[in-house]
Amino acid sequence: MLKPMSAVDLRAVSSVEDVSQGLRDNSYLPDEALATTIYLSLRLKRPLLLEGEPGVGKTEVAKVIADWGGGRLIRLQCYEGIDASQAVYEWDYARQLMHLRAMEATGKARSTNEAELSGELYSERFLVRRPLLEAIASTSGTPAVLLVDEVDRSDDEFEAFLLEVLSDYAITVPEIGTFTAGNPPVVVITSNRTRDVHDALKRRCLYHWVEHPSAQREAQIIRLRAPEVTETLAREVAHAAEAIRSVGLYKPPGVAETIDWARALNLLGGAQLDLAGASATLGALLKYREDRDRVLEHDLAEIVSDAGTAAVRESESGSIGSEPASAGL
Amino acid sequence: MSNQSLSGVADPIDVAVGFASALRRAGLEVPLASTLLYAQALSVCDVSSRSSLYTAGRCALVHCIEDVDVYDAVFGSYWMGEALKIAGPTTPLSIPLMLNIDDGDDDHSGDEEQPDSNADVMTVRYSATETLATKDFADYSDEELEEARRLMSRLRFGGPLRPSRRLAPARTCSGHLDMRRTVRAAMRAGGEAVRIERRVNSFRPRRLVLLLDVSGSMERYARALLRLLHAAVTGRSRVEAFALGTRLTRLTRELSSRDPDRAMRAASDSVLDWSGGTRLGAGLGCFNDEWGCRGMARGAVVVILSDGWDRGDPHDMSEQMQRLARVAHRVVWVNPLKASVGYAPLARGMAAALPYVDDFVEGHNLDSLERLAELVLTNSTNSRSSLTILGAGVPEVPAVGVRP
């Protein structure tokens with residue numbers, strides 16, 4: 001995909017509309033509440049905490065902000081047991097040893113005193129920067145985007161650590177000193193709520209619950225992400241997905257799955273949603289046998305025909321075309 | 001609360017403080033830091049637009065999706081002058097309410113489901129003359145309940161361990177190379193790596209999830225068992241507690257207060273459906289959807305405290321139990337009625353659930369809870385191979401299949 005030629009200064013966005021437009025130019029369609037929250041998070045330099053069902057596009061937000069601002073995306077995938085040496089920094093011990101040996105071999109070690117020697121060993125040369133330090137110590141003019149993904153998978157201890165970093169945007173390495181972010185990164189934290197994120201961390205953040213998009217918005221998203229799909233098909237798929245989500249499934253399909261489904265239908269040559277195509281490609285949308293059975297039981301034919309009617313009604317009122325949705329493509 | 005508007009001269013701090021205290025009156029916890037954040041947000045966003053005024057407050061003052069309903073109501077009343085209507089400071093995870101009181105009707109539906117069972121079993125099960133083991137919770141007075149709580153707080157739920165991703169220094173010479181410690185030691189030995197240090201995966205207790213049935217038929221036990229939940233939640237980390245009734249209520253937060261009186265009060269208040277009807281299958285489904293299958297029950301020990309009396313469809317029950325059993329490490333069912341003489345798991349829900357239960361134990365008195373704590377503590381392996389049945393003589397247990 002084309003990167004926008006002129007990166008935007010993220011800290012200088014002046015209105016919610018700028019955010020909406022900026023994200024839209026990078027193929028993401030935020031609703032107004034999300035755009036407002038992102039705007040506030042950029043202006044107030046506060047981390048953004050996104051929660052929501054899996055598959056509603058939480059992680060995508062960070063990627064799109066990075067594309068939009070032209071900054072680096074630094075991703076920290078959390079997992080259980082993650083600790084400072086994997087998230088912040090680590091010394092490159094092997095190289096330190098080698099260096100020591102080399103100094104010994106060349107006789108330099110004998111001529112330097114101990115303080116100098118350890119100063120040399122514990123210098124930035126031997127520091128391995130992990131994502132958090134990378135984001136804080138970044139010296140580039142455009143702020144980096146730090147994505148702390150699935151923070152609920154890490155343990156509480158790590159969260160406390162994250163809190164420390166995010167409150168001052170500073171990291172202290174005892175042997176060297178303190179790194180302070182000249183240009184604080186834009187921080188996006190996502191959580192799937194397998195456990196509660198600690199209140200202290202929540203207090204630092206602006207919170208937003210990401211919902212499944214409305215059928216109209218979802219049709220636009222499909223068109224944006226899979227331009228080869230016809231407008232009619234996109235609308236029908238979006239309406240069908242909305243209906244399927246309301247059936248009460250184990251795992252309601254996310255936006256990514258709907259896009260996959262639309263692509264699959266398109267590949268099979270359908271310009272419109274029909275029952276045969278829909279039941280053949282249902283596997284792109286539903287990943288549990290029970291869910292599939294439930295949808296088939298619930299009468300897929302009806303869902304398909306209703307989606308068709310809804311799409312026709314929508315196209316008569318003309319909504320996709322009127323949106324400047326594909327400006328960035 | 002009067003209708004207010006942000007005129008150009010209003011100080012955002014005053015506005016923020018006013019609105020935050022309105023939220024606090026409605027039962028939300030709003031820390032001072034969030035109020036300040038809200039004030040900052042107001043000063044940079046366009047407050048003349050209703051939607052950005054709304055979102056600014058929502059993202060700064062609300063910290064979980066459950067609180068959004070309260071926020072919406074207060075927002076409406078504070079800024080728009082609408083009448084304040086708040087159902088209660090609880091979660092919107094409701095399932096349709098069934099206004100059935102367990103009485104008479106129970107026997108009736110019991111007969112329906114078990115036409116071939118002799119009437120004796122049903123009478124024993126629901127009559128007041130149930131012969132339970134001594135010191136049955138059902139016979140406790142308030143003082144005895146308090147005493148029981150004190151005793152329960154001594155129970156320790158350690159829980160089976162599982163390998164953690166966290167690495168700890170190893171004494172043996174196997175495991176990952178620990179460069180950090182190796183090099184530190186080498187520095188002390190003049191740059192000579194005399195000893196190679198290692199790290200191995202450590203162990204930590206599995207998450208413990210407690211689901212307490214608070215429906216009418218469990219009434220006599222639920223209040224005592226709630227004290228067990230409190231003891232478990234405050235006793236160790238990674239414990240989650242829920243109340244299952246006509247709706248699902250998460251109690252972890254309420255019970256995490258160390259002050260037992262406060263915890264009990266908070267928990268009792270947040271459960272809106274004490275002694276309501278039972279739809280265990282639907283409640284479990286709700287738990288699976290909202291929490292369990294998303295990660296909370298994954299690899300966890302799930303303890304269900306219920307008499308298994310379910311008015312919903314038994315297919316629902318077995319389907320939801322199957323889902324739960326697939327993600328959980330171990331499913332323990334604590335049934336206070338199990339101790340009664342001649343008890344057999346005939347209640348539809350219980351019979352449907354049993355094939356997916358790893359341990360089926362009684363929980364009618366302190367002794368049995370102690371055994372439960374031991375069980376949760378010790379049983380760490382072979383979870384899927386056999387069904388443990390603890391407790392007094394169980395003459396016959398029909399429909400106990402070994403899980404596939």
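Mentor: Happy to; we can go through the chain contacts, the domains and the sheet.

Mentor: First, this is a predicted model, where local features need pLDDT of at least 70, side-chain atom pairs count only at pLDDT 80 or more, and totals for chains, interfaces and linings use all residues. Residues are numbered from 1 along each chain as its sequence is written, while chains are lettered from A and ligands numbered from 1 in the order in which they are written.

Trainee: Got it. How many residues of chain A are in contact with chain B?

Mentor: 33 residues of chain A are in contact with 30 residues of chain B, where contact means that the C-beta atoms, placed from the backbone, lie within 7 Å.

Trainee: And which element gives the most to that side of chain A?

Mentor: Helix H2(A) does, with eight residues. Helices here are DSSP runs of H or I with at least four residues, strands are runs of E with at least two, and both are numbered from the N terminus.

Trainee: What about residue classes on that side?

Mentor: There are 14 nonpolar, seven polar and twelve charged residues on the side of chain A that touches chain B. Ala, Val, Leu, Ile, Met, Phe, Trp, Tyr, Cys and Pro count as nonpolar, Asp, Glu, Lys and Arg as charged, and the others, Gly among them, as polar.

Trainee: How do H2(A) and H2(B) cross?

Mentor: Their axes come within 10 Å and cross at roughly 100°. That makes H2(A) roughly perpendicular to H2(B), a label for angles of 65 to 115 degrees. Axes are lines fitted to C-alpha atoms, for helices over the stretch in contact, and angles run from 0 to 180 degrees between N-to-C directions.

Trainee: Which residues meet there?

Mentor: A:Leu40, A:Arg43 and A:Leu44 meet B:Gln40, B:Ala41 and B:Val44.

Trainee: New topic: what are the domains of chain A?

Mentor: Domain 1 covers 10-82 + 133-210, domain 2 covers 89-126 and domain 3 covers 215-317; the bounds come from an automatic or database domain assignment. The C-alpha centres of domain 1 and domain 3 of chain A lie 32 Å apart, and eight residues of domain 1 are in contact with eleven of domain 3.

Trainee: And the sheet in chain A: what is the strand order?

Mentor: Five strands form an open, parallel sheet in the order S2-S5-S8-S1-S9. Two strands pair if DSSP finds at least two bridges between them.

Trainee: Which strands sit at the edges?

Mentor: S2(A) and S9(A), each pairing on one side only. Five bridges join S2(A) to S5(A), and A:Ile74 stands opposite A:Leu146 in S5(A).

Conventions
Two residues are in contact if their C-beta atoms, placed from the backbone, lie within 7 Å. Angles under 35 degrees count as roughly parallel, over 145 as roughly antiparallel, 65 to 115 as roughly perpendicular and the rest as oblique.
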